[in-house]
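Welcome to this short tour. Please open the structure in your viewer and keep the selection tool at hand.

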Amino acid sequence: MKVSIDAERCSGQGRCFSMAPEVYTADDEGYVTARGETFEVLPEHERAARTGALNCPEQAITVVEG
Amino acid sequence: MSDPDVERFHDHFDLDSTFNDRYDDVLSELLEHCPVARSDDGYAVVTRFADVRRCANDFELFSSAAGGVLAGRPEGLPPQYPVESDPPLHTQLRQPLNPFFSPVEVMKYEDGIRRVASSLVDDFVGDGHCDAVSQFAAPFPGSVLFSEFLRLPDELSTTMNEGVFETFMGPVEGRGAGAQKLGQGVAACLEVASQRGGRDLLGVIDQLQVDGQPAPFEIKAGVLSSLIIGGLETTSNVLAQGLWWLAAHPAERDRLLADPQLVPRAVEEFCRVFTSAWSLGRTATQDTTVAGQEVKAGDFLLLAWAAACRDPEVFPKPLEVDFQREYTGHLAFGAGRHRCVGSNLARLELRVAIEVFMQRVPGFRLEDGAEQQFHTTMIRAIDRVPLVFDSPADGVGR
């Protein structure tokens, strides 16, 4: 599974790293570190990755299964 | 079952006494049968989760600047920033505020917030009874914002708390004077900021820029006033209704006491079911459709966050407070660019206040015959939460 974070949409609400710190981390300004990036998720973290995506108020996180 | 009092809201939506009294029924009715209700004044009310979220995320099609965000806007209320602006102005005003409210940053205030909550409890814990609204939930978020977060001098903090109370909670005849006091207080806060300098939250508001120039006073005052309007009564009311619910569900309260990990879950559910800012408005910038209904350019739409938070398609048995409910994201703090800047602070305040109240006021229960009474403008507020409890012996729980 891959996760992609849209830098344009992300506004730093921090729900992703609050809900799923094993997948998403915060930078010093309170944004998700991987803003604008696409990255692979460990199989054991797939559920957490989805939870983070579902909770994003901007719908900035896209989960690509497989 | 058909109920004309409630069905009337399909085509004649109104923020009237029936809406206040039949709030739960009206929201359920609209969710089930009328995803876009219409008022006689010509505005529309969007209720379902997917539609509300879509409108909130599309800030180009649904503007916050064009017509403001309030239906029945109080006379003389100056524009609120960045709430009532669109990008690019919105971005310039909002981005500097974000770092102060990130989940990591707000945690620094936990101890201060706990002290505020505990000192409010000190004042009534020996009495054996309290009104959890006026003695706890109402003053709590103001004290946190003014004393801990903005670090105002004590005297100004007191003035601001009084101004907020008189404007939003006190008797109607005092509200004009209250708003004046609040306006003067906001100006005094900005004065403090410019003397103090620095890049704390108040300093950053005072030093806001628009297109590379210092922001005009009106904008800075609008930003500070939005933090106050947006952050105080909203948090108070979720807290007050949460405490009512806990008093009415002692077994659930005992579960929370036994397992503090559940408190953040309770906070989410209280925000979802007892959403305070029940709606905010947008103005359509082009002809479009919402939930299959035609919307014309210039139409004012209320996005009913509270209804969306109860959409049974997303939240089965929506009115049940369920600590085990899966986190899938609710809309109690809105969505999109304008989503509540202070949601992480609000969550922290609610968690700490609930923890302190449960620990310091053990066994609290509702006064005999207590009945819920609300008033509903753009905010749904409970008037009183009368509680009784056994006063602990001196020193216990302190």
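Begin where the chains meet: across the interface of chain B and chain A, two salt bridges are found. Keep in mind along the way that this is a predicted model.

To see one of these salt bridges, select R15(A) and E268(B), whose side chains meet at 3.8 Å, N to O. Polar contacts join eight residue pairs between chain B and chain A, both residues being at pLDDT 80 or more.

Next, colour α4 (49–57), α6 (103–106) and α18 (343–360) of chain B: each supplies at least two residues of the side that touches chain A. Which helix gives the most to that side of chain B? Select α18(B), which contributes three residues. Colour the side of chain B that touches chain A by class, and you will have six nonpolar, nine polar and seven charged residues.

Now show the whole interface. Here 22 residues of chain B are in contact with 20 residues of chain A. The two chains bury about 1,600 Å² between them, and 41% of that is on carbon and sulfur atoms.

For the last stop, move to strand β10 of chain B, residues 300–303. Are its faces covered or open? Both are covered: F300(B) and L302(B) lie on one side, L301(B) and L303(B) on the other, and all are buried.

Strand β2 (residues 44–46) of chain B pairs with β10(B) in the parallel sense over three bridges, while β7 (residues 280–284) of chain B runs antiparallel to β10(B), joined by four bridges.

Terms used
Residues numbered from 1 in each chain as written. Chains lettered and ligands numbered in written order. Predicted model: local features only at pLDDT ≥ 70, side-chain atom pairs only at ≥ 80, totals over all residues. Heavy atoms only, no water. Buried < 20%, exposed > 50% of the residue type's maximum accessible area, 1.4 Å probe, protein only. Pairing = 2+ DSSP bridges. Contact = heavy atoms within 4.5 Å. Buried area = accessible area lost by both parts, 1.4 Å probe. Salt bridge = Lys/Arg side-chain N within 4 Å of Asp/Glu carboxyl O. Polar contact = N/O pair within 3.5 Å; in protein donor to acceptor, adjacent residues only side chain to side chain. Nonpolar A, V, L, I, M, F, W, Y, C, P; charged D, E, K, R; others polar.
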